[in-house]
Amino acid sequence: DYGFSMQMIGTNCFITSVKPNSDAEAKGLKVGDKVLSVGGYVPRRENLWMVNYVIYSLIPQPSLNVTVAEPSGKERT
């Protein structure tokens with residue numbers, strides 16, 4: 001568990017929840033951030049199932065690089 005959930009809304013992937021007191025919250029992830037990449041994958045409607053499968057089941061990592069764009073457009077990793 002990485003402390004956040006993401007979901008496709010239209011053609012974009014967004015953070016839909018962040019667990020309180022999680023590393024995701026400590027790193028500044030917020031609900032509404034647009035996910036640009038996660039674990040080196042660009043999430044799209046046709047591959048989000050695969051991204052989730054890889055990062056949660058196939059190759060779970062102790063940490064995960066996530067690049068997001070805030071609603072203001074500022075990007076951060």
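Modeller: A patch is made of residues with over 30% relative accessible area and no salt bridge, where like charges are joined within 9 Å and nonpolar side chains (Val, Leu, Ile, Met, Phe, Trp, Tyr) within 5 Å. This is a predicted model, in which local features need pLDDT of at least 70, side-chain atom pairs count only at pLDDT 80 or more, and totals for chains, interfaces and linings use all residues. Residues are numbered from 1 along each chain as its sequence is written, and side-chain values use heavy atoms, with hydrogens and water left out.

Colleague: What is the area of the nonpolar surface patch made by W49, Y53, L58 and I59?

Modeller: Accessible areas come from the Shrake-Rupley method with a 1.4 Å probe, and for residues only the protein chains shown count as cover. Y53, one of the patch residues, sits in helix α2, residues 48-58 (helices, H or I of at least four residues, and strands, E of at least two, are DSSP runs numbered from the N terminus). With W49, L58 and I59, Y53 forms a nonpolar patch of about 480 Å².

Colleague: Is Y53 buried or exposed, or in between?

Modeller: Buried means under 20% relative accessible area, exposed over 50%, and partly exposed in between, with a 1.4 Å probe and protein chains only. Because its relative accessible area is 44%, Y53 is partly exposed.

Colleague: How many residues apart are D33 and R76, which form a salt bridge?

Modeller: D33 and R76 form a salt bridge that links distant parts of the chain: D33 lies in the loop between α1 (23-26) and β3 (34-38), and R76 lies in strand β5 (residues 75-76). D33 is buried, since its relative accessible area is 2%, whereas E70 is partly exposed at 24%.

Colleague: How much space lies in the largest pocket?

Modeller: On a 1 Å grid over the protein atoms alone, a pocket is an open set of points where a 1.4 Å probe fits, with protein on both sides within 12 Å along at least five of seven lines; lining residues have an atom within 4 Å of a point. Of the 15 lining residues, D23, A24, K27, L64 and V66 lie nearest the centre, and the elements giving two or more residues to the lining are α1 and β4 (66-69). Grid points are joined across faces, edges and corners, and the volume is the space filled by probe spheres set on the points. For the largest pocket that volume is about 350 Å³.

Colleague: Which residues does S37 contact, leaving aside its neighbours within four places in sequence?

Modeller: S37 belongs to strand β3 and counts as buried, because its relative accessibility is 17%. Contact means heavy atoms within 4.5 Å. With those neighbours left aside, S37 is in contact with V42, P43, N65, V66 and T67.

Methods
Salt bridge = Lys/Arg side-chain N within 4 Å of Asp/Glu carboxyl O.
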